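Dear colleague,

Please find the structure below for your records.

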Protein chains: 2
Amino acid sequence: MKWAMLGFGTVGQAVWHQAQRQRKSFSLGHVLVRHPDHYRQFKQVDLVTDPQLIIENPDVETVVEVMGGLHPAAEYISACLQRGKNVVTANKALLARQLPQLQRLAQTYHCHLCFEASVGGGIPIIHTLRDLVRRDRVLAIDGILNGTSNYVLTAMQQGGLSLQQALSEAQQKGYAERGSDLDLTGWDAANKLVILANLAFHRFYPVEKVARTEITDDLDIGQAAEHNQVLKQVGHIAIAQGKLKIRVTLDQLPASHLPAHVDGVTNWIQLTTEHLGKLSLMGPGAGGDATANSIWQDLLWLSDSQK
Amino acid sequence: MKWAMLGFGTVGQAVWHQAQRQRKSFSLGHVLVRHPDHYRQFKQVDLVTDPQLIIENPDVETVVEVMGGLHPAAEYISACLQRGKNVVTANKALLARQLPQLQRLAQTYHCHLCFEASVGGGIPIIHTLRDLVRRDRVLAIDGILNGTSNYVLTAMQQGGLSLQQALSEAQQKGYAERGSDLDLTGWDAANKLVILANLAFHRFYPVEKVARTEITDDLDIGQAAEHNQVLKQVGHIAIAQGKLKIRVTLDQLPASHLPAHVDGVTNWIQLTTEHLGKLSLMGPGAGGDATANSIWQDLLWLSDSQK
């Protein structure tokens, strides 16, 4: 399969590294970047600055978008789908706003839109959920979906750090993506919840309507600890009287409760269904390697579906 | 897809019930039972006592085996595969002894052997692991894999029951399958570990060689509790100096350790891989509905792969 890539940051480079180990015949064409000079050490990578070289190239079957941001990622992805190219993307902010439109484009032009890497880092939640809704009915979804805020809360509670100290630590370790405003405010978790709700309930919930509780300096960590409880940023999707409800809250979990022990950048997603009851997945919610792994799950699935 | 079923116990009936809700065109033919009189209330089900009606029927594409036991299940499954029929089975004891032979038969006769329901009840561990090994390298697997023994240990530690009391309770609730000797002795967990090891490492480990610690009356529950620890039957698969090692142990887990909070019939499986680090799945490890759900995952996958 001939593929190309938009963006070559941490995730893009990890995707490329994993490509080197794939025995299957995946042939990487152009990789779009803004400043080719920054990547001089990648001599074998065919870096370009003109997106049309990818969008208009009829040989490229699949495009991996890991540039992030709403624009111009949205325009590039739409253009690729309109030319029948499969798109694999990790862009949760974009999907939370345009998933139905992009899905419709993929359907119209007989190609696939894949986004395993958009939720839960390396956890295969999208494939699992997509598969599950074919044989079961989802009743609710709950999860710790933002690695940075979970890292920060863990460091504050276990390490006694202040919010600012914990955040700097997360940024030093490379977990906090460009600015932490999306993480601590619950926006990042809200984006992911909207994507999950779309798959589980086939309904589009405007991300602006997701109720969010922010993580701020005046969290009373001590008060929770006194009651042997742990503070976690948890996302909730539920159906109440036929209505979909999505919110990101700061929950005080008793220490006997399993997600109280989901620490650091680990993510945790619990599906409650009619026949299974509760099914949970837990794993690395951030990091280049984990996200690249999910992108490769999509690429391998696409390669299979072409056979 | 035309399918038939061998066995019609708790799991078989749950599979049939879920079939009623599938909109897809799955057409159920004969169902093999020993005593059709026992199932008089199932008027729409075409019960037969002669396996040849299924094995020799050229219209049957897929056979679901939920009769259990080594014989004659092994002979029926082999006969079906040799006629090019896909087989979906939950029979972990059989797979732990004959998986390589049965896989070879499926390959030779161009059909599929599916066994999602054999490990972890309703947890989609087989599909997840099969998919994961294509893009990552598994380093170790750990898990709470036997619902009955976990139920018994939970009841002994949290409810203060004796081993016998806890076991009767598990049997009353329908968790302990015919006799509990396979559960408490670790044989059931050993069977499941051998199946997982086969998928993860493409090696066959004789189930007789799995080291097992049994759950007996003289467990010192109090001593563990004093140290704020929890006793769990845990299965381990690891590679040490190139050698595969499988064992079922009674582990004392600190309460801060996540699997210490996996209670009752819930199963938990943790995959440690090169790129992801740790990925865990948790869900119902027993129960007709959960197991039937996994069998339907296989049936839907088979239906897709025929397109």
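**Chain relation and domain contact**

In chain B, 100% of the interface residues are also interface residues in chain A, so the copies meet through the same surface (contact means heavy atoms within 4.5 Å). This is a predicted model, in which local features need pLDDT of at least 70 and side-chain atom pairs count only at pLDDT 80 or more, whereas totals for chains, interfaces and linings use all residues. Residues are numbered from 1 along each chain as its sequence is written, chains are lettered from A and ligands numbered from 1 in the order in which they are written, and side-chain values use heavy atoms, with hydrogens and water left out.

Within chain A, the domain assignment (automatic or from a database) gives domain 1 (2-121 + 288-305) and domain 2 (125-284). Each of these domains of chain A gives 22 residues to their contact. Together they bury about 1,700 Å², 60% of it on carbon and sulfur atoms (accessible area, 1.4 Å probe, lost on being put together, summed over both). Of the area that domain 1 of chain A buries against domain 2 of chain A, Lys92(A), Ala96(A) and Val119(A) supply 34%, more than any other three residues.

Lys92(A) also forms a salt bridge with Asp188(A), their closest N and O atoms being 3.7 Å apart (side-chain nitrogen of Lys or Arg within 4 Å of a carboxyl oxygen of Asp or Glu).

With kind regards

Key:
Buried area is the accessible area (1.4 Å probe) that two parts lose on being put together, summed over both.
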